[in-house]
Amino acid sequence: MNMSDGGLVSLDWFPKRPSSEAVLSADASIGSYTIAESIPTSIVIVLPASMGSSSEYRIRTLAKSLSANGPSGCHVVVLNHRGFARTPMTTPRVPSFHYTSDLHELVERLSREYPGTSLGAIGYSMGANILTKYLGEQGKECKLSAATTICCPFDVTKLYNAIAQPTLFNTHVLQPALTGAAVRFAKRNSDAIQSGPRKYDLDSTFQAKTVLEVDKLLTAPNAGFSSREGYYRQSSSRPYVSKIATPLLAINSRDDPMVPVDAIPIEVFRTNPYTTLLLTNHGGHLGFLTGAIPKIWYIDPVTHFFRTTL
C-alpha cells in the first residue's frame, strides 16, 4: 500500500484479500446466479510489535482463530511496519511509537473500499501504543467499531526506564535482543534512511550497545524530536485513554518486565465507559502461555470480544 508521503507498507491478508464487490457465479444450464464471494462483514487490522511482522506465530494463530471463530465473514489484515515483511523502505521514516498516520490511512482506505463492513483492530506492544494513541486522537470520529491491545506500554518513558535497569535479564537478554534487531533494521535500510535532507549518524547507530542509544541517534530525530526524552514523552498513549470513544479491551500483565503496573492508567480505565482493562497476574510481555501443551491464553477471549462487538 502506497502512503500519502511516498512510503510503502505491506498488507498481509487472511484467509485472502476480499473483493470489494459481491462476485456472482452463473449456472448457464438453469439460468441462475449465486453469490460466489460476498463483501466481508468485518475486517480486523493487526499492528505488530516493534520489529515484528505478520510472520509471527502469535499473529498467525490469532488470524486463524478470528477467521474460524470470530465474527461471521471476518477477514484479517496485518499492517506491517515500514521496512518489514520483505517490503523495501521508500522514504526515510522509520517505525516509531509516535506515528499513527499509516494506521489512519489504512482505516480510511478500508472504509472506502468496504462500505458497510465493520472494522476492528488489535495491536501488540508498540502496535498497541500506536492503536491506543490513534483511538484517542480520533475520539468519537473513529471509524473502528472495536479494538484490543496486548501489552500496551502506555508510558513510553517508563517502558525504557524498565528495560534500562541493570538486571541480568535486561543486560544479557532483553537489551541485546532489542538493540541487535534495531541495528540490523538500520543497516538493512540505511540507504532509504539517509535519502532525505536530514542525515543521521548511522556509524554510531551501528555501534550502539542499547536501544536507548539507537533512539537518541536515529528514532527520536527521525520522528522530529530534538531529544530521546521528548520523543518518549510525546509518544506515550496514556494521555489519550480518556479520549477513547471506541470499545477497547486492553490486556496487560502484572509481571511484564517492560511495562510496569504504574505505567497503566488504571483509574482512567475505570472511569471511561468505552474501555476495559484486563490485568492478569502472569503473562510477561506478549507471552500469556498456558497449559501443559502451551497455547496463547488470550486468543479465545479476544476472538470472543470481536465476535460480540463487530
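The legends below describe close-up views of a predicted model.

**View 1. The open sheet has seven strands.**
The strand order is β1-β5-β4-β6-β7-β8-β9, and the pairing is mixed. At the edges are β1 (11-14) and β9 (275-280), each of which pairs on one side only. From one strand to the next, the twist averages 15°.

**View 2. Strand β6 is shown with its partners β4 and β7.**
Strand β6 covers residues 118-124 and strand β4 covers residues 42-47; the two pair in the parallel sense over six bridges. In this pairing V46 stands opposite I122 of β6, and L47 stands opposite G123 of β6. Strands β6 and β7 also run parallel, joined by five bridges. Here Y124 stands opposite I150 in β7. Six of the seven residues of β6 are buried, and the strand is mostly covered.

**View 3. Helices α2 and α3 lie across strands of the sheet.**
Helix α2 (residues 101-113) lies across β1, β4, β5 (74-79) and β6. Its direction is at about 165° to β4. Helix α3 lies across β4, β6, β7 (146-150) and β8 (248-253). Relative to β6, α3 runs at about 135°. Strands β4 and β6 are listed for α2 and also for α3.

**View 4. Helix α1 crosses helix α11.**
The axes of α1 (residues 57-69) and α11 (residues 299-309) come within 10 Å and cross at roughly 45°. An angle between 35 and 65 degrees is classed as oblique, and α1 and α11 are therefore oblique to each other. The crossing of α1 past α11 is right-handed. On the α1 side the contact is made by R58, T61, L62, S65, L66 and N69, and on the α11 side by I299, V302, T303, F306 and R307. By class, this contact of α1 with α11 has five nonpolar, four polar and two charged residues. An α-helix has 3.6 residues a turn, so residues three or four places apart point the same way.

**View 5. F305 is a buried residue of helix α11.**
The relative accessibility of F305 is 14%, which is why this residue counts as buried; the cut-off is under 20%. Leaving aside residues up to four places away in sequence, F305 touches A146, A147, T148, P247, L248 and L249.

**View 6. Helix α5 packs along its contact with helix α8.**
The axes of α5 (residues 168-188) and α8 come within 8 Å and cross at roughly 30°. Residues Q175, L178, T179, A182, V183 and A186 of α5 meet V211, L212, V214 and L218 of α8. By class, the contact of α5 with α8 has eight nonpolar, two polar and no charged residues.

**View 7. Helix α9 meets helix α8 at an angle of about 85°.**
The axes of α8 and α9 are 9 Å apart. The two helices are therefore roughly perpendicular to each other. From α8, the residues L212, D215, K216, T219 and A220 meet R228, Y231 and Y232 of α9. By class, the contact of α8 with α9 has four nonpolar, one polar and three charged residues. Helix α9 (residues 228-235) has G230, Y231, Y232 and S235 as its buried residues. These buried residues pack against α3 (126-138), α4 (156-163) and α8 (211-222).

**View 8. Three loops contain P15, M51 and L286.**
P15 is in the loop between β1 and β2 (23-27). The peptide bond joining F14 and P15 is cis, with omega about 0°. M51, in the loop between β4 and α1, is not a glycine but has a positive phi of about 65°. M51 is partly exposed, with a relative accessible area of 33%. L286 is in the loop between β9 and β10 (289-290), and its phi is also positive, near 65°. L286 counts as buried because its relative accessibility is 11%.

Key
Residues are numbered from 1 along each chain as its sequence is written. This is a predicted model: local features need pLDDT of at least 70, side-chain atom pairs count only at pLDDT 80 or more; totals for chains, interfaces and linings use all residues. Side-chain values use heavy atoms; hydrogens and water are left out. Buried means under 20% relative accessible area, exposed over 50%, partly exposed in between (1.4 Å probe, protein chains only). Helices (H or I, at least four residues) and strands (E, at least two) are DSSP runs, numbered from the N terminus. Contact means heavy atoms within 4.5 Å. Axes are lines fitted to C-alpha atoms, for helices over the stretch in contact, and angles run from 0 to 180 degrees between N-to-C directions. Angles under 35 degrees count as roughly parallel, over 145 as roughly antiparallel, 65 to 115 as roughly perpendicular and the rest as oblique. Ala, Val, Leu, Ile, Met, Phe, Trp, Tyr, Cys and Pro count as nonpolar, Asp, Glu, Lys and Arg as charged, and the others, Gly among them, as polar. Two strands pair if DSSP finds at least two bridges between them. A crossing is left-handed if the near helix is turned anticlockwise from the far one by less than a right angle, and right-handed if clockwise.
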